Each structure stands twice: as C-alpha cells, then as structure tokens.
Amino acid sequence: MGGGGEKKPGQYMGSWGNLGSPPQKGVTTYGLSQNRQKPLAGVTNAAIFNTWRRTRAQILYWGPAMLIAYSLMGWATEK
C-alpha cells in the first residue's frame, strides 16, 4: 500500500517497512552461520591482559587504603 504523491499529515503511508518509498538498491547485508561463529575467540587472552591493565591503572586508588587497613588490623590484633 503506500502509494506515491504528496504526503499530507494524517495520511496513511503504508505498513511498517513499506512507507511509500522506492525500494533501496545497493544495500548489501552479510550473515554468518551460527555454527561458524567463535563466540569465545580470544576471551582468555583479553581477560588476562585487560585485568592487568585495569589493575595497574587503579592500584594507586585502592592500594594505600588496603595498606592502611592491613596495618590497622595488625595493630588491633597486637592490642
């Protein structure tokens, strides 16, 4: 349904995906079969190096607090 011509407010333009425009040309889509995908490709390597990178970037934020807490626990245990 859709039809051409001038579009006016409130005019029915057609069902979703068929809004009265000419069909598109030159649009290429690609797909990959589910049994050809490797969903866990490189997960372990990425996890190890990403964890190292994030820890190294954040250690100055939580490292001193951990050292202070550890020394306080040692002091409290002695007391």
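Helices (H or I, at least four residues) and strands (E, at least two) are DSSP runs, numbered from the N terminus. The model is predicted, and local features need pLDDT of at least 70. Residues are numbered from 1 along each chain as its sequence is written.

**Exercise 1.** Find how many helices and strands the chain has.

*Solution.* Start with the count: the chain has one helix and zero strands. That helix, α1, covers residues 43–78 and includes M66.

**Exercise 2.** Compare the span of α1 with that of a straight helix, then locate its kink.

*Solution.* First, take 1.5 Å times one less than the number of residues, the expected span. For 36 residues a straight helix would span 52 Å, yet α1 spans only 45 Å between its end C-alpha atoms. Next, look at I59: a kink of about 60° is centred there. The bend is the angle between axes fitted to the seven residues ending at a residue and the seven starting there.

How values were computed: Predicted model: local features only at pLDDT ≥ 70, side-chain atom pairs only at ≥ 80, totals over all residues. Heavy atoms only, no water.
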